[in-house]
Amino acid sequence: MTMPRKPRKLIAGYSYHITTRCNNREFKLIRRECREVFLYAIRKAIVALRASQKSKVKSQK
């Protein structure tokens, strides 16, 4: 059994490379609808990350 990875500390202003794999480590987002759902989820995560970073900055002041 493997242990979960520790959360990464993301730093504002840096670029990050996001990857995903499906079954057998293959990228299977062939249908347009699947890609759109995947990209929508990434966008929502980015918005949430930015909001949490802003709230951390405000709480430090």
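**Figure 1. Arginine 31, an exposed residue in a predicted model.** Arginine 31 counts as exposed because its relative accessibility is 53%. The model shown here is predicted. The side chain of arginine 31 meets that of glutamate 33 in a salt bridge. The N to O distance is 3.7 Å. Side chains of opposite charge can pair when their charged atoms come close.

**Figure 2. Glutamate 33 and its salt bridges.** Glutamate 33 pairs with arginine 31. Glutamate 33 also forms a salt bridge with arginine 32. Is glutamate 33 exposed or partly exposed? At 39% relative accessibility, glutamate 33 counts as partly exposed. Arginine 32 is partly exposed too, with a relative accessible area of 48%.

Figure 3. Glutamate 36 and arginine 32 meet through their side chains. The salt bridge spans 2.8 Å, N to O. How many residues apart are the two in helix H1? They are 4 residues apart, so about one helical turn separates them. Helix H1 covers residues 32-60. Glutamate 36 has a relative accessible area of 42%, so this residue is partly exposed.

**Figure 4. The network of salt bridges.** Which residues are linked here? Arg31, Arg32, Glu33 and Glu36 form a network of salt bridges. A search of the whole structure finds 3 salt bridges.

Figure 5. Where is leucine 10 placed? Leucine 10 sits in the segment before H1. With 37% relative accessibility, leucine 10 counts as partly exposed.

**Figure 6. Asparagine 23 in the segment before H1.** Asparagine 23 belongs to the segment before H1. This residue is exposed. The relative accessible area of asparagine 23 is 62%, and exposed means over 50%. Proline 4 is 19 residues from asparagine 23 along the chain. Their C-alpha atoms are separated by 19 Å.

Figure 7. Arginine 21 is another residue of the segment before H1. Is arginine 21 buried or exposed? At 53% relative accessibility, arginine 21 counts as exposed. In sequence, arginine 21 and arginine 35 are 14 residues apart. In space, 13 Å lies between them, C-alpha to C-alpha.

**Figure 8. The setting of the close-ups: the protein chain.** The protein chain has 1 helix and 0 strands. Its radius of gyration is 15 Å. The C-alpha atoms fill a box of roughly 45 × 35 × 20 Å along the principal axes. Of the 61 residues, 3% count as buried. The accessible surface of the protein chain comes to about 6,600 Å². Carbon and sulfur atoms hold 57% of that surface.

Note on methods
Residues are numbered from 1 along each chain as its sequence is written. This is a predicted model: local features need pLDDT of at least 70, side-chain atom pairs count only at pLDDT 80 or more; totals for chains, interfaces and linings use all residues. Side-chain values use heavy atoms; hydrogens and water are left out. The radius of gyration is taken over C-alpha atoms; the globule rule is 2.2 Å times the number of residues to the power 0.38. Buried means under 20% relative accessible area, exposed over 50%, partly exposed in between (1.4 Å probe, protein chains only). Accessible areas come from the Shrake-Rupley method with a 1.4 Å probe; for residues, only the protein chains shown count as cover. A salt bridge is a side-chain nitrogen of Lys or Arg within 4 Å of a carboxyl oxygen of Asp or Glu.
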